[in-house]
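Subject: Structure for your review

Dear colleague,

Please find below the structure that I am handing over to you. My findings follow directly after it.

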Amino acid sequence: MNKIELLLHGWDSCYENEDWYPPLTDALQGLTAEQANWRPEGEYVNTIAENLNHLIFYKERLLYRMTGQESEYPDMTNDDTFVVAATSNETWQTTLTRLQAVHQGIRDRIAQWEEHDFEHVYPNRSQSVGRWVNSLIMHDAYHTGQIMFIRKLQGSWPSRRSFE
């Protein structure tokens, strides 16, 4: 397995193919807008919708770099990336559609890479695009765990789950 194949395996595993942890699509399956925007009482915790907006922000930055649509990040803080403009069912469905489109868009680009493309460094970046994608895979896994934990708190994720 070469670097590109390994990256694609991780990219697919974090989004839709179960490996050592459930993928993001499983964590979001059947989730309503109300559940996605639910916040437990007490300490501040980002909602599932806020986490998803955060993931989409960073994926879109990468895709825009890959397509030449963007060379620098928008002037935002990390906290700004979690903001949810509306909590309607329509907004939630749009968010899920954006997630799928950006994830697939990046996958399509990676699948076309030659081995040397892994090491390409975009302007204003210090790491190669291959390392950037690998970091996003881990970032997805981290936030997928948070999403499952929030779902457990709200009772919409099984306390025990079997997988193969």
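I begin with helix α6, whose 26 residues should span 38 Å at 1.5 Å a residue; the end C-alpha atoms of α6 are 37 Å apart, which agrees. Please bear in mind that this is a predicted model. Helix α6 comprises residues 129-154. After α6 comes Gly155, with a positive phi near 80 degrees.

Helix α4, residues 48-67, passes the same kind of check: its 20 residues should span 28 Å at 1.5 Å a residue, and its end C-alpha atoms are 28 Å apart, so the two values agree. Most of α4 is covered, as 18 of its 20 residues are buried. The residue that follows α4 is Gly68, and its phi is positive, near 80 degrees.

The packing of α4 and α6

Two packed helices are described by the angle between their axes and the distance between the axes. For α4 and α6 the angle is about 170 degrees, and the axes lie 10 Å apart. Since angles over 145 degrees count as roughly antiparallel, α4 is therefore roughly antiparallel to α6. Their crossing is left-handed.

On the α4 side, the residues that meet α6 are Ile48, Asn51, Leu52, His54, Leu55, Tyr58, Lys59, Arg61, Leu62, Arg65 and Met66. Their partners in α6 are Val129, Trp132, Val133, Leu136, His139, Asp140, His143, Gln146, Ile147, Ile150 and Arg151. Sorted by class, the residues of this contact are 12 nonpolar, 5 polar and 5 charged.

Two residues from this contact may be of interest to you. Arg61, in helix α4, has a relative accessibility of 6% and so counts as buried, the cut-off being under 20%. Apart from its neighbours within four places in sequence, Arg61 is in contact with Glu70, Tyr73, Pro74 and Trp132. His143 belongs to helix α6 and, at 5% relative accessibility, also counts as buried. With residues up to four places away in sequence left out, His143 touches Asn51, His54, Leu55 and Phe82.

The packing of α1 and α6

Helix α6 also packs with helix α1, which comprises residues 3-15; here the angle is about 25 degrees and the axes are 9 Å apart. That makes α1 roughly parallel to α6, because an angle under 35 degrees is counted in this way. The crossing of α1 and α6 is left-handed.

In α1, the residues involved are Leu7, Gly10, Trp11 and Cys14. They meet Gly130, Val133, Asn134, Leu136, Ile137, Asp140 and Thr144 in α6. The residues of this contact comprise 6 nonpolar, 4 polar and 1 charged. Val133, Leu136 and Asp140 of α6 are listed in the contact with α1, and they are also listed in the contact with α4.

Is Arg131 buried or exposed? Arg131, which is found in helix α6, has a relative accessible area of 52% and is therefore exposed, since the cut-off for that class is over 50%. The C-alpha atom of Arg131 is separated by 8.0 Å from that of Glu119, a residue 12 places apart from Arg131 along the chain.

In brief, α6 packs roughly antiparallel to α4 and roughly parallel to α1.

Yours sincerely

Key. Residues are numbered from 1 along each chain as its sequence is written. This is a predicted model: local features need pLDDT of at least 70, side-chain atom pairs count only at pLDDT 80 or more; totals for chains, interfaces and linings use all residues. Side-chain values use heavy atoms; hydrogens and water are left out. Axes are lines fitted to C-alpha atoms, for helices over the stretch in contact, and angles run from 0 to 180 degrees between N-to-C directions. Helices (H or I, at least four residues) and strands (E, at least two) are DSSP runs, numbered from the N terminus. Angles under 35 degrees count as roughly parallel, over 145 as roughly antiparallel, 65 to 115 as roughly perpendicular and the rest as oblique. A crossing is left-handed if the near helix is turned anticlockwise from the far one by less than a right angle, and right-handed if clockwise. Contact means heavy atoms within 4.5 Å. Ala, Val, Leu, Ile, Met, Phe, Trp, Tyr, Cys and Pro count as nonpolar, Asp, Glu, Lys and Arg as charged, and the others, Gly among them, as polar. The expected span of a helix is 1.5 Å times one less than its number of residues. Buried means under 20% relative accessible area, exposed over 50%, partly exposed in between (1.4 Å probe, protein chains only).
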